[in-house]
Amino acid sequence: MTFTVIDKHKWERAEYFEHYFSAVPCTYSMTFKLDITRFKKTGQKLYPAMLYCIATVVNRRREFRMALNKDGEVGFYDEMLPCYTVFHKDTELFSNVWTEYTENYRDFCSNYEADIAAYGNNAGTEGKPDVPENSFPVSMIPWASFESFTLGLQKGFDYLIPIFTMGKLYTENGKTLLPFAMQVHHSVCDGFHACRFFNELQELLLSGIFECGI
């Protein structure tokens, strides 16, 4: 894992970063309907597949790998991995588990299953300890379908890493849809980038990779 500090004097986004980070601190959320009809027909597990797809698009685009280091310098990681919630029915609480990212879908699913087996039943907020700094949070609320989702973070104006939340899938006009919300920091991510993320995520889900593996 490598963190590269950005030289603001050479950064084309420097003016925008300073505006939305310092002058007018701003985060925002967008909620989309993901078409997972083709994926559902494969009979595979939804959660690991979504974690893989989200991580794949995150690692394509630098704006979703931005963060501040311990010295408060803005930069980006060369790779990010998902840190996701696991629900415990007995206590009605959750724990966070993280999985190393790999470009091969089958290998990622194997890593996911191994992490769930080893850490999925652990109590406490950190089911799998030592969460890497180059991780991004993902959660799923499978008990209800939402049309909008927003997080209220007390220190959110200093948090540049994207946050992803999914809801309960549902059927509409013959399609199986999944509520998908993303919260980002405007200093590093504009509406254009958020929409491009969603479109690339949707393309990946419709691409057929789950039928043949990659």
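**Core.** I started with the largest nonpolar core of this predicted model, which holds 60 residues. Inside this core I found the most contacts for Ile54, Phe180, Phe197 and Leu201. I then looked up which element gives the largest share of the core, and α3 does, with eleven residues. I note for context that nonpolar side chains tend to be buried together in soluble globular proteins.

**Phe197.** I took Phe197 next and listed its contacts, leaving out residues up to four places away in sequence. Phe197 touches Ile54, Val57, Val58, Phe64, Phe164, Phe180 and Met182.

**Helix α3.** I checked the span of α3, which has 15 residues. From its first C-alpha to its last, α3 reaches 21 Å, close to the 21 Å expected at 1.5 Å a residue. Is α3 mostly covered or mostly uncovered? I find it mostly covered, with 14 of its 15 residues buried.

**Glu63.** I moved on to Glu63, which sits in the loop between α3 (46–60) and β3 (66–68). Is Glu63 buried or exposed? Its relative accessible area is 14%, so I class Glu63 as buried, the cut-off being under 20%. I then looked for a partner of the Glu63 side chain and found a polar contact of 2.9 Å with the side chain of Arg196. Not counting residues up to four places away in sequence, Glu63 touches Val188, His193 and Arg196.

**Largest pocket.** I looked up the volume of the largest pocket and got about 740 Å³. Its lining has 23 residues, of which Tyr47, Thr85, Val86, Ser139 and Met140 are the closest to the centre. The elements that give two or more residues to this lining are β5 (81–88), β6 (93–98), β7 (135–140) and β8 (163–166).

**Cavity.** I counted cavities of 30 Å³ or more and found one. The largest cavity has a volume of about 30 Å³. I list its lining as Ser29, Phe149, Leu151, Ile163, Thr165, Ala181, Met182 and Gln183. Which element gives the most to this lining? It is β10, with three residues. Both β8 and β10 (175–185) supply at least two residues of the lining.

Key. Residues are numbered from 1 along each chain as its sequence is written. This is a predicted model: local features need pLDDT of at least 70, side-chain atom pairs count only at pLDDT 80 or more; totals for chains, interfaces and linings use all residues. Side-chain values use heavy atoms; hydrogens and water are left out. Helices (H or I, at least four residues) and strands (E, at least two) are DSSP runs, numbered from the N terminus. Buried means under 20% relative accessible area, exposed over 50%, partly exposed in between (1.4 Å probe, protein chains only). A polar contact is a pair of N or O atoms within 3.5 Å; within protein, one must be able to donate a hydrogen and the other to accept it, and residues adjacent in sequence count only if both atoms are side-chain atoms. Contact means heavy atoms within 4.5 Å. A nonpolar core is a set of buried Ala, Val, Leu, Ile, Met, Phe, Trp, Tyr and Cys residues joined through side-chain atoms within 4.5 Å. The expected span of a helix is 1.5 Å times one less than its number of residues. On a 1 Å grid over the protein atoms alone, a cavity is a set of points where a 1.4 Å probe fits but cannot get out, and a pocket is an open set with protein on both sides within 12 Å along at least five of seven lines; lining residues have an atom within 4 Å of a point. Grid points are joined across faces, edges and corners, and a volume is the space filled by probe spheres set on the points.
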